[in-house]
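Here's a quick tour of a single chain, going from the overall surface down to one residue. Have a look at the model first.

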Amino acid sequence: MRTKLLLAGAVLFAGARLWAHHAFAAEFDISQPVKLQGTVTAMEWINPHAWIHLDVKGPDGKITSWMIEGGSPNILLRRGFTKNSLEKGTEITVDGYRAKSGDTRANGANITFKDGKRLFLGGSNPDELPQAAR
């Protein structure tokens, strides 16, 4: 009986984690690409996705704060990021896809630094983009 309860609990826990982790298409719109140039205000190294907070100056001079979703911290570290890659004040350009809700949130694809260095921000292999993104 105890084994069955433990197994049932494990299945429920795993299902809850899968439900909490969203699919790209559920939250972001591949038909709404964005290119954001701004200054990093914070970097959150949290699971399941890291988040970059970016202040973007519009043509009118108004600053808009964006949240950029990246891959998991583990994936980003394996792709060349370090905890110091995106310190507060770093100027970057982010290519990504806007949230379907219209909020100032995006799923990031690539980051380009002022010196031209690029880092892939996503969780999937950049050579395996969805068909619609090719």
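## Surface and ground rules

The chain has an accessible surface of about 8700 Å², with 56% of that belonging to carbon and sulfur atoms. Those areas come from the Shrake-Rupley method with a 1.4 Å probe, and for residues only the protein chains shown count as cover.

Keep in mind that this is a predicted model: local features need pLDDT of at least 70, side-chain atom pairs count only at pLDDT 80 or more, and totals for chains, interfaces and linings use all residues. Residues are numbered from 1 along each chain as its sequence is written, and side-chain values use heavy atoms, with hydrogens and water left out.

## The overall layout

You get three helices and six strands here, and along the sequence they come in the order α-α-β-β-β-α-β-β-β. Both kinds of element are DSSP runs numbered from the N terminus (helices are H or I with at least four residues, strands are E with at least two).

Of the 134 residues in the chain, 35% are buried; that means under 20% relative accessible area, with exposed being over 50% and partly exposed in between (1.4 Å probe, protein chains only). As for contacts (heavy atoms within 4.5 Å), take those with a separation of 6 or more: 54% of them link residues 24 or more positions apart.

## Strand S2 and its two partners

Strand S2 covers residues 51-57, and five of its seven residues are buried. On one side, S2 runs antiparallel to strand S1 (residues 28-44), with six bridges joining them; strands pair if DSSP finds at least two bridges between them. The S1–S2 hairpin goes through six residues.

S2 also pairs with strand S3 (residues 63-69), again antiparallel, over seven bridges. That hairpin has five residues between the strands, and Gly61 takes a positive phi near 90° in it.

## A closer look at Asn107

Is Asn107 buried or exposed? Asn107 counts as buried because its relative accessibility is 15%. Asn107 belongs to strand S5, which spans residues 105-113.

The Asn107 side chain makes a polar contact with the side chain of Glu69 at 2.8 Å. A polar contact is a pair of N or O atoms within 3.5 Å; within protein, one must be able to donate a hydrogen and the other to accept it, and residues adjacent in sequence count only if both atoms are side-chain atoms. Setting aside neighbours within four places in sequence, Asn107 is in contact with Phe24, Phe28, Glu69, Gly96 and Tyr97.
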